[in-house]
Amino acid sequence: MKKVIALIAILIAIALIAIVVIQPKNTTIEPEDILSENIIAFTSYENGSEEFEFWKSSKFYEEISKLDIKKVLQKNHLATAEDIKQVDEYMKEVSKYSYLAEQLFGLKTVIAIEEIDFEKYKNNIKKPIDALSLLDKIIVISKPKINTDILSEIDKLFGENYKSVSSMFLDRTIKTIKLDDNIDLSYCFSNGYLIISFSKEVIKNSIKRIDTPEKKRLSDNMKYVEMKKKFKSGWTNFSYFDLDNTIQPFCKTIAQVMKDNNLPKSQVQQIEIMGDMYKGFKSAGCASYRESKIITNKSIISINKKEMNDVVKTSYNAPLKAGETLGMIPENPIFYAAMSLDLESQITAMSKSNGMDLERMKPMYSMMLGADFDSLVNSFGNVFGVLLSDINTDSIKPAPIFSVFMEIKDREVIENCLNQFIKRMNMKLPKEKFKTVEITYFDIFAMTGLPIKPSFVFYKNYFIISSDLDLIKDMIESDESGNNLLKSKYINSNEKLSAISLINIAHGVDAVEKSLDKVPELNANPQIKSNITEIAGPIFNAFKTFDIVTYKTKVTENEIISDFFFKIK
């Protein structure tokens, strides 16, 4: 606990130095001009203190703050008075320096990772101390908010456990603190920025890039520049990842290490396959935007389909049809998701990743399914989805009311397969006529007394399986009446999408709360129920402050574009 507090004190001390030494300037230099051209991961936060204040003033924060873990721990004798005292002291130390921390992360904070030579580090996997040198690749650049004349207080903040050593480099002072026998933390101030790294050399190179225009910088990296251009301005945070120079080199190195250590061939192949699956994934970017209480997150992955694994490429070539299922979805579901995919490619990819010989297994699958495996797979279309409508609290135990739906191309093949299965199981399943279709269901109530009827139906060009007969009726009624998600203000029904999902968090939380009231084990134990109420209550109320959450993805020839949207009260 003391070491954690000391480390926090160091970070706050750095903020304090920043306040003393740096006066924020109107300068054209950006963190991208300080960083190396070969950055593999980059995250920038703008006005972090404002974002923190936004969440702190929200209804979500107000509700989550009512969670009193200490009370529950003490009541159930899970923590001593001394434990609670230590936690209180720790929190006091944290809050004591919160203002100074705000200065450190005030106007702008960037965290980046320089390119890693995985080949160099493969021999250090078994040597944790040597592997710690990977920390040297991390660099933090911060633009503090204000300047205050309190330099004399810094040495007091460090205490006796940590000593800093100063050295000069190109007219800058670099200070180094020994955190541990194997870890040093260095920092310096330059051009209105505080630069922090676990490597003094990284800081020296950063200073050189500031002073020497011809030095290659991140702002010269066209892959980064082009990705950043794809996002509109006004973001609160932006991240960039160089996938080309991380995933495959990493997998290659890990596979080689596993081979060198004589690990099973099947495990090595799984790592190699994982790397192979990410061929053609070039770079990724994501940004968050907040307009009042509406928060949007956008991500873009740059791809080259020519370089992709054939199975992956086929999968991403699936038609953009996910939005076509919106008409079948009632207006107020807890959760809904649909995606366009190539089923055959997905099965092949999953088999490879699990080290399975699919061709060898097909005859066995065909025998189990009662139909030719390839014919059955090809009888399905490209759209697959799931719907969680509600939670049934009328049964002995709460049970989700859900359905799974699949686009079909050949109803006859699927129907024959189902009939053979039903015959083999010696079952006689009743049918119910509803509008223009016949719904087949399992009469569970007659056998168990549970008020549910698992069902399936062929409706239009979809095969729908549901945990409850009434949900299938609701889906058909929604499609025919027009009272469905096509009317939702949160979804643009005209978009051509690869995937779409919607979560009604408040509805889901309400359903879970009702379910907990019906669990016999909880009702039989008031102490457990009281604990759950005290812990889960504030969490439930906090999440009820979220409005509908939506997520959508579209795959184009060169990009995978995703948008995540939600509103907070």
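**A chat about Lys282 and other spots**

Biologist: Let's start with Lys282: buried or exposed?

Modeller: Lys282 counts as buried, because its relative accessibility is 18% and the cut-off for buried is under 20%. Keep in mind that this is a predicted model.

Biologist: OK, and where is Lys282 found?

Modeller: Lys282 sits in strand S9, which covers residues 281-291.

Biologist: Which residues is Lys282 in contact with, leaving aside its neighbours within four places in sequence?

Modeller: With those neighbours set aside, Lys282 contacts Lys223, Asp242, Leu243, Asp244, Ser302, Ile303, Asn304 and Glu307.

Biologist: Let me zoom out. How many helices and strands does the protein chain have?

Modeller: The protein chain has 24 helices and 20 strands.

Biologist: And what share of the residues counts as buried?

Modeller: That would be 43% of the 569 residues in the protein chain. The chain exposes about 30400 Å², with carbon and sulfur atoms supplying 55% of that.

Biologist: What about contacts between residues at least 6 apart in sequence: what percentage join residues at least 24 apart?

Modeller: In the protein chain, 69% of those contacts do.

Biologist: Back to strands. Which way do S10 and S20 run, parallel or antiparallel?

Modeller: S10 (residues 294-303) and S20 (residues 559-567) run antiparallel, and nine bridges join them. For a spot to look at, Ser299 stands opposite Ser562 in S20.

Biologist: How many bridges join S19 to S20?

Modeller: Six bridges join S19, residues 549-555, to S20, and this pair runs antiparallel. Lys554 stands opposite Ile561 in S20.

Biologist: New topic: loops. What's up with phi at Leu170?

Modeller: Leu170 isn't a glycine, yet its phi is positive, about 50°. Leu170 lies in the loop between strand S4 (164-169) and strand S5 (172-178).

Biologist: And phi of Asp171, positive or negative?

Modeller: Positive, near 70°, and Asp171 is not a glycine either. Asp171 is found in the loop between S4 and S5.

Biologist: How does accessibility look for Leu170?

Modeller: Leu170 has 42% relative accessibility, so it counts as partly exposed. Asp171 has a relative accessible area of 76%, so it is exposed; the cut-off for exposed is over 50%.

Biologist: Where is Ser467 found?

Modeller: In the loop between strand S17 (462-466) and helix H21 (469-481).

Biologist: Is Ser467 buried or exposed there?

Modeller: Buried, because its relative accessible area is 13%.

Biologist: Which residues does Ser467 touch, not counting residues up to four places away in sequence?

Modeller: Ser467 touches Pro400, Ile401, Phe402, Ile452, Lys453 and Pro454. With Pro400 there's a polar detail too: a polar atom of the Ser467 side chain lies 3.3 Å from the backbone oxygen of Pro400.

Biologist: Last one, Leu429. Where is the place of Leu429?

Modeller: Leu429 is in the loop between helix H19 (411-424) and strand S14 (431-434). With a relative accessible area of 18%, Leu429 is buried.

Biologist: What separates the C-alpha atoms of Leu429 and Tyr441?

Modeller: Their C-alpha atoms are separated by 6.1 Å, and the two residues are twelve residues apart along the chain. Tyr441 is also among the contacts of Leu429, along with Ile422, Thr440, Phe442 and Phe456, once neighbours within four places in sequence are left aside.

Definitions and conventions. Residues are numbered from 1 along each chain as its sequence is written. This is a predicted model: local features need pLDDT of at least 70, side-chain atom pairs count only at pLDDT 80 or more; totals for chains, interfaces and linings use all residues. Side-chain values use heavy atoms; hydrogens and water are left out. Helices (H or I, at least four residues) and strands (E, at least two) are DSSP runs, numbered from the N terminus. Buried means under 20% relative accessible area, exposed over 50%, partly exposed in between (1.4 Å probe, protein chains only). A polar contact is a pair of N or O atoms within 3.5 Å; within protein, one must be able to donate a hydrogen and the other to accept it, and residues adjacent in sequence count only if both atoms are side-chain atoms. Contact means heavy atoms within 4.5 Å. Accessible areas come from the Shrake-Rupley method with a 1.4 Å probe; for residues, only the protein chains shown count as cover. Two strands pair if DSSP finds at least two bridges between them.
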